[in-house]
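This report describes the chain shown below, moving from its surface to its strands.

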Amino acid sequence: MRRTFFAAAAALCLAACNSSSGPERSTPAEFGEVTFAPTEVTPETDVEVEAFVTSKYGFRRVDIVYILDNDRSDVRFASLLRSFESEATSLTYKGTIPRQKAGRKVTFQVRAITAYDVVTLSDPQSYTIPDEEEDEKPEQHN
């Protein structure tokens, strides 16, 4: 009788350890509109990014991923958000990309990682900080 009980318990444990994972391990977060301001950036300007994000299964973190001058070997991160209401399934994320030197091109995406570690990136956006020398060049007339 004892053997039958342990065999049944072992079978139940194996059934509970189903190897296929549920949708929570593959469902990405979704992004609404992602905006940034100001649209005309200077070397003295931090850029504020705002994005509406939803995740049926909650969040682990949201941040900004950016690169400078299309150099994908130097990926940077800004404005990490890890504190959420435990049942939050949507939020308006606000983060800041720090000021950059004149002439730099900044390409960024908002990244959301769900509570089950599914990583999702918003569509990329970019802006270029005008080079101060370009602004000071006199116009040439022919």
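The protein chain exposes about 9900 Å², of which carbon and sulfur atoms supply 48%; accessible areas come from the Shrake-Rupley method with a 1.4 Å probe, and for residues only the protein chains shown count as cover. The model is predicted: local features need pLDDT of at least 70, side-chain atom pairs count only at pLDDT 80 or more, and totals for chains, interfaces and linings use all residues. Residues are numbered from 1 along each chain as its sequence is written, and side-chain values use heavy atoms, with hydrogens and water left out.

Of the 142 residues of the protein chain, 28% count as buried, meaning under 20% relative accessible area with a 1.4 Å probe, protein chains only. Among contacts (heavy atoms within 4.5 Å) with a separation of 6 or more, 61% join residues 24 or more positions apart.

Two helices and eight strands make up the secondary structure of the protein chain, in the sequence pattern α-β-β-β-β-β-β-β-β-α. Helices (H or I, at least four residues) and strands (E, at least two) are DSSP runs, numbered from the N terminus.

Three strands form an open sheet in the order 1-2-5, with antiparallel pairing; two strands pair if DSSP finds at least two bridges between them. The edge strands, each pairing on one side only, are listed here.

| Edge strand | Residues |
|---|---|
| Strand 1 | residues 30-37 |
| Strand 5 | residues 90-97 |

Strand 2 (residues 47-54) pairs with strand 1 in the antiparallel sense over six bridges. Within this pairing, E30 stands opposite T54 in strand 2.

Definitions and conventions: Buried < 20%, exposed > 50% of the residue type's maximum accessible area, 1.4 Å probe, protein only.
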